[in-house]
Amino acid sequence: MGRYLLRRLVQMVPVFTGATFLIFLMVYALGDPVTALFGDRGPDPATARALRAEFNLDKPLWEQYLRYMGKIFTGDFGTAFNGRPVTELMANAFPISFRLMLVALGLEMVLGVALGVLTGLRRGRALDTSVLLATLVVIAVPTFVLGTTAQYLLGVELGWIQPAVSPDARLDELLLPGLILCLVSLAYVTRLTRTSVAENARADYVRTAVAKGLPARRVTVRHLLRNSLIPVVTYLGADIGTLMAGAIVTERIFNIQGVGYQLFQGIVRQNSPTVVGFVVVLVLIFLLANLFVDLLYAVLDPRIRYA
Amino acid sequence: MPDQGRLPLPAEDDPVGGGSGPPEPAGAPTPTLAPAPGRPAGPGASPEPDEARGLWRDAWLDLRRNPVFLVSALLICFLVLIALWPGLIATGDPLRCSLGRSLEGPSPGHWFGFDTQGCDVYTRTVYGARASIAVGVCAALGVAVLGAAVGGLAGYFGGPWDTALSRLTDVFFGIPMVLGAIVFLSMITLSGIWPVVLIISALGWPQIARIARGAVITAKQHDYVQAARALGAGHTRLLLRHILPNAVAPVIVMATVMLGTFIALEATLSYLGVGLRPPTVSWGVDISAASDGMQFRNAPHILLYPAAALSLTVLAFIMLGDAVRDALDPKLR
């Protein structure tokens with residue numbers, strides 16, 4: 001287990017470097033942070049040169065990248081051009097987005113697996129068909145349409161919720177945004193669980209469990225579900241990254257000042273240290289989540305051993 | 001769940017199960033086994049094109065009777081038709097608007113009403129098909145070609161090639177698609193469908209590459225590939241003539257399903273203001289304009305029609321992908 005973990009962590013290094021370098025390349029090679037700083041008026045050439053020298057923008061790209069990464073590992077994500085350190089922005093944004101993601105992931109797991117098991121055990125019945133149809137609709141209608149419509153109907157027309165989330169983003173306020181954020185993934189989790197459960201319901205070990213007289217509930221939860229969850233867990237792990245990135249849309253709709261919101265502000269204002277800093281952290285979260293999922297396999301399926 | 005009466009064991013819709021007896025009631029379809037003795041292959045003819053055609057013909061026979069496939073295929077044919085020739089069902093000009101009719105409701109001759117700018121919503125919805133479908137189709141093609149090439153080479157050559165290409169795949173897989181696309185599109189100054197197609201292809205191929213790699217590794221171990229190699233076939237011939245036809249099915253299925261999600265992604269990017277931009281007529285642009293400041297509050301039709309058209313299109317492609325996968329996946333037969 002220890003050696004496997006170590007090998008995986010070492011493998012992550014080139015992937016992390018490559019992914020962050022690509023983002024770095026996009027931001028620093030395609031955009032021009034100094035020109036963006038001056039907006040519509042062109043910068044004075046001497047000032048521009050001085051700024052470029054100050055932020056090392058006149059060095060070759062790979063050198064800029066190395067300097068940047070070197071700083072990151074000492075905890076310095078650079079100063080945003082507006083003077084505030086990027087880490088301060090992160091300290092405010094990440095807890096909010098993390099809460100939103102937990103709400104979304106929780107809803108997705110509980111509702112998705114429950115619906116998947118119910119429909120998987122009763123394939124072809126009315127409940128199965130209607131849930132399946134609902135998942136198709138949810139996948140097909142874009143999130144931002146569902147989000148704005150739900151915000152309008154529940155927040156403005158019916159007044160059940162506050163249409164915009166307050167700056168401290170309490171959990172109860174995040175319920176609807178979390179649901180909107182996870183809806184598409186929820187549909188996929190439901191379908192995945194359904195297929196997996198339906199396939200495994202015919203497996204020999206389930207037959208054995210039923211034959212030896214275990215109550216149906218125990219068979220479902222302890223025997224059937226445990227094995228059926230492997231593809232679902234894989235999906236959920238990969239989904240953490242998608243949820244974090246998808247939060248850009250949701251956080252914009254509900255005015256939540258989390259990672260997506262700050263990242264979007266950074267992109268619109270071409271505030272390079274903000275964009276690269278946030279994306280670097282997001283990529284790291286994504287990679288770690290995938291690693292965690294691989295380790296979880298061994299817990300779910302005792303046949304899998306890591307040497 | 002206290003009402004859990006019993007477990008379907010084996011599932012009710014299983015026609016073979018029920019009887020215990022010996023495992024594997026070897027009766028029904030085992031298409032991959034020995035060639036039928038009654039039909040010897042021609043002298044020297046390699047058997048694999050026949051087998052490949054068999055899978056595709058089987059799939060086609062299956063699909064022809066599948067209502068989901070028929071409905072989605074018809075819908076897609078219709079959408080492609082109006083994407084190519086929108087003038088067939090809409091006579092107006094999507095860019096000729098009169099502010100005087102801003103947000104007017106539906107009326108005879110203008111079934112869908114008018115949007116904020118006073119443009120006819122019906123005309124814009126019909127003309128919007130072109131951008132959305134062009135982005136979806138081109139991006140899906142790009143993803144399929146790129147992913148199949150990288151994944152195929154990794155799976156076929158193996159060893160250090162596999163390691164290098166797989167790491168490359170992981171690198172691109174590590175960038176969440178919406179995130180990378182927003183960063184890229186906001187940094188460049190070009191607009192139009194091509195940058196959107198480019199970035200979706202550039203970030204979407206790893207999924208296909210992983211599938212293609214697995215499929216090629218399976219296909220290259222078959223006896224007919226060994227036989228062709230023994231007969232002196234080169235890498236190109238082996239890859240294109242022998243392995244490709246047997247590994248391409250999962251790639252096509254995945255690309256079809258992704259096509260639908262790419263159309264939705266284009267709309268999302270346009271909603272965020274970095275995808276397609278106004279003079280281009282697209283559903284994403286119209287939905288974005290409608291939800292901006294909740295404009296749809298007083299005129300729901302400006303949101304409803306483009307959103308419905310978009311959803312229907314995405315739905316059609318996803319259902320088509322599902323149906324094709326069911327037909328091509330022998331495990332589900």
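**Domains of chain A.** I looked up how chain A is divided and noted domain 1 (2–72) and domain 2 (95–300), with bounds that come from an automatic or database domain assignment. I keep in mind that this is a predicted model, in which local features need pLDDT of at least 70 and side-chain atom pairs count only at pLDDT 80 or more, whereas totals for chains, interfaces and linings use all residues. Residues are numbered from 1 along each chain as its sequence is written, and chains are lettered from A and ligands numbered from 1 in the order in which they are written.

The contact between these domains takes 14 residues from domain 1 of chain A and twelve residues from domain 2 of chain A, where residues are in contact if their C-beta atoms, placed from the backbone, lie within 7 Å. On the side of domain 1 that touches domain 2, α1 and α2 (33–37) of chain A are the elements that give two or more residues; I take helices as DSSP runs (H or I, at least four residues) and strands likewise (E, at least two), numbered from the N terminus. The largest share of that side, ten residues, comes from α1(A). By class I noted eleven nonpolar, two polar and one charged residues there, with Ala, Val, Leu, Ile, Met, Phe, Trp, Tyr, Cys and Pro counted as nonpolar, Asp, Glu, Lys and Arg as charged, and the others, Gly among them, as polar.

**Chain A against chain B.** I then turned to the contact between the chains, which takes 47 residues from chain A and 39 residues from chain B. Among the elements of chain A that give two or more residues to the side touching chain B are α1 (2–30), α6 (126–140), α7 (143–157) and α10 (216–254). α10(A) gives the most to that side, with eleven residues, and the side as a whole has 35 nonpolar, eight polar and four charged residues.

**Helix packing in chain A.** I next checked α8 (residues 175–200) of chain A against α10(A), and the two pack at an angle of about 165°, with their axes 8 Å apart; axes are lines fitted to C-alpha atoms, for helices over the stretch in contact, and angles run from 0 to 180 degrees between N-to-C directions. α8(A) and α10(A) are therefore roughly antiparallel to each other, a label for angles over 145 degrees. Their contact has 15 nonpolar, nine polar and one charged residues.

The axes of α5 (residues 86–121) of chain A and α8(A) come within 6 Å and cross at roughly 30°, and this contact has 20 nonpolar, eight polar and two charged residues.

For α5(A) and α6(A), I found that the axes come within 8 Å and cross at roughly 135°. The contact is made by A:Leu115, A:Leu118 and A:Thr119 of α5(A) and A:Leu127, A:Asp128, A:Val131 and A:Leu132 of α6(A).

**Annotated spans.** Residues 131–154 of chain A are 92% helix and 0% strand, with end C-alpha atoms 23 Å apart. On chain B the annotated stretches include residues 177–203 and 302–324. The 177–203 span of chain B is 81% helix and 0% strand, with its end C-alpha atoms 6 Å apart, whereas 302–324 of chain B is 100% helix and 0% strand, with its end C-alpha atoms 34 Å apart.

Conventions: Contact = placed C-beta atoms within 7 Å. Parallel < 35°, antiparallel > 145°, perpendicular 65-115°, else oblique. UniProt positions renumbered as here; feature names shortened; annotations may be inferred.
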